[in-house]
Amino acid sequence: SRTVARDAAGTVTVGGLDVKHLAEEFGTPAYFLDEEDFRARCRAWREAFGPDADVFYAGKAFLSRAVVRWLHEEGLNLDVCSGGELSTALAAGMPAERIALHGNNKSLDEITRAVEAGVGRIVVDSFQELVRVAHVAQAAGTRQRVQIRVTVGVEAHTHEFIATAHEDQKFGLPLAGGQAAEAVRRALKLDGLELVGVHSHIGSQIFDTSGFEVAARRVVGLLAEVRDEHGVELPEIDLGGGLGIAYTSDDDPREPHEIAGALRAIVERECAAAGLAVPRLSVEPGRAIVGPTAFTLYEVGTVKELPGLRTYVSVDGGMSDNIRTALYDAEYSVALVSRTSTAPPMLSRVVGKHCESGDIVVRDAFLPADLAPGDLIAVPATGAYCRSMASNYNHALRPPVVAVGDGTARAIVRRETEEDLLRLDVG
Ligand code: LLP
């Protein structure tokens with residue numbers, strides 16, 4: 001986050017506030033999110049893509065009512081992928097026409113609520129769903145704007161579980177073999193639908209622009225085929241999210257203007273070659289906007305040195321507030337933030353308090369050898385897919401998200417309580 005600093009005396013501050021005071025006020029573990037950084041990233045994406053494109057923030061990365069308000073104020077649109085995300089978006093005042101609904105198995109209820117709310121777009125993922133959306137829209141007396149999700153067949157260089165453009169997977173309809181073209185054919189015939197474009201999302205945590213460029217080229221290729229076959233020029237393409245961020249100093253992320261420039265150049269060139277008008281472009285960054293804006297603050301509970309192996313540092317959270325290390329072998333860094341230390345570095349593994357040996361937050365890290373119970377340590381870049389994938393495993397209470405900035409801090413999502421857990425038990 002841009003507002004974390006360590007002064008000459010070694011005090012770490014966030015948005016001007018001493019991290020030790022934040023821990024006292026909000027407890028640990030907790031996520032601290034820099035609101036100004038979030039807004040600055042929104043603006044950077046808007047400015048990079050300009051007025052002829054739309055930026056849809058991917059709500060799955062992290063969503064709350066406050067976040068929806070910030071997005072609205074900064075001129076972003078919102079991609080939701082469930083009824084829950086849709087409700088949050090609408091409850092916080094995001095205009096329905098700026099919302100896109102995603103998902104490979106949207107329920108009839110989710111489709112109906114989206115159509116009735118008047119969402120700007122539904123991204124359709126299957127032949128069956130085309131018919132389903134068309135029926136719901138007709139019953140509601142409207143035509144729903146839809147895009148068709150296609151798989152372009154590129155190999156994104158990322159973890160298998162978060163790569164989504166190869167054909168053998170659950171999302172989208174493949175361009176190769178003609179299913180995507182067949183979906184267009186069917187969509188154009190359905191009265192309840194207004195087919196506005198094609199959607200491709202190639203995966204997540206991607207560092208080079210070439211996969212996006214191949215996707216853009218193939219999607220424009222489909223638009224040209226559609227024009228040749230049906231005499232229709234679809235007005236929109238969406239190239240999804242997926243831009244990587246720096247979790248450790250080894251990562252070298254692209255900036256929004258780099259990806260915007262690369263995509264625009266490809267789309268314009270390919271459209272010119274095919275004699276197509278340039279469609280309206282949209283993208284769906286999640287991680288790149290919220291990921292770097294937050295860190296997780298933990299308190300060290302025990303320090304166990306295994307001679308000749310390493311030191312296990314147990315914190316008061318773990319896989320319930322950050323599943324990414326266990327699930328994707330994700331790498332994080334960690335720092336002691338409650339004091340300075342001149343002790344030599346020791347090879348450490350930061351682990352949680354859950355009943356699983358895979359409950360690892362940071363697999364390999366160097367922490368000062370005098371690390372002790374009560375020290376506070378911070379794990380940066382936990383704004384995306386940590387709180388949103390948090391669980392109550394072992395009846396853990398999910399941590400709060402605290403927005404910091406301008407010398408103030410306020411919870412935008414409060415900490416869960418044991419009453420919250422018990423409230424769900426009805427037996
Ligand atoms: N658009 C679509 C259609 C998506 O499926 C996703 C992510 C995004 C946009 C946003 O991607 P981003 O810019 O945030 O990479 N839980 C995993 C990531 C799964 C992403 C799923 N879809 C993780 O923690 O890395």
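Start by colouring domain 1 (4-33 + 292-423) and domain 2 (35-290) separately; these bounds come from an automatic or database domain assignment. Their centres, taken over C-alpha atoms, are 33 Å apart. Keep in mind that this is a predicted model, where local features need pLDDT of at least 70, side-chain atom pairs count only at pLDDT 80 or more, and totals for chains, interfaces and linings use all residues. Residues are numbered from 1 along each chain as its sequence is written.

Next, go to where the domains meet. Here 19 residues of domain 1 are in contact with 21 residues of domain 2, contact being C-beta atoms, placed from the backbone, within 7 Å. On the domain 1 side, select β20 (401-405) and β21 (408-413), the elements that give two or more residues each. β20 has the largest share, three residues.

Now show the ligand. Around the ligand sit 22 residues, the closest being Ala58, Ser204, Gly241, Gly286 and Tyr385; a residue is near if its C-beta atom, placed from the backbone, lies within 6 Å. Highlight α10 (287-290) and α11 (324-328), which each give two or more residues to this shell. Helices (H or I, at least four residues) and strands (E, at least two) are DSSP runs, numbered from the N terminus. Check your domain colours too: at least three shell residues come from each of domain 1 and domain 2.

You'll find Cys355 in the loop between β17 (345-351) and β18 (360-368). Is Cys355 buried or exposed? Cys355 is exposed, because 8 other C-beta atoms lie within 10 Å, and 12 or fewer counts as exposed.

Key:
Contact = placed C-beta atoms within 7 Å. Buried ≥ 20, exposed ≤ 12 C-beta atoms within 10 Å, placed from the backbone.
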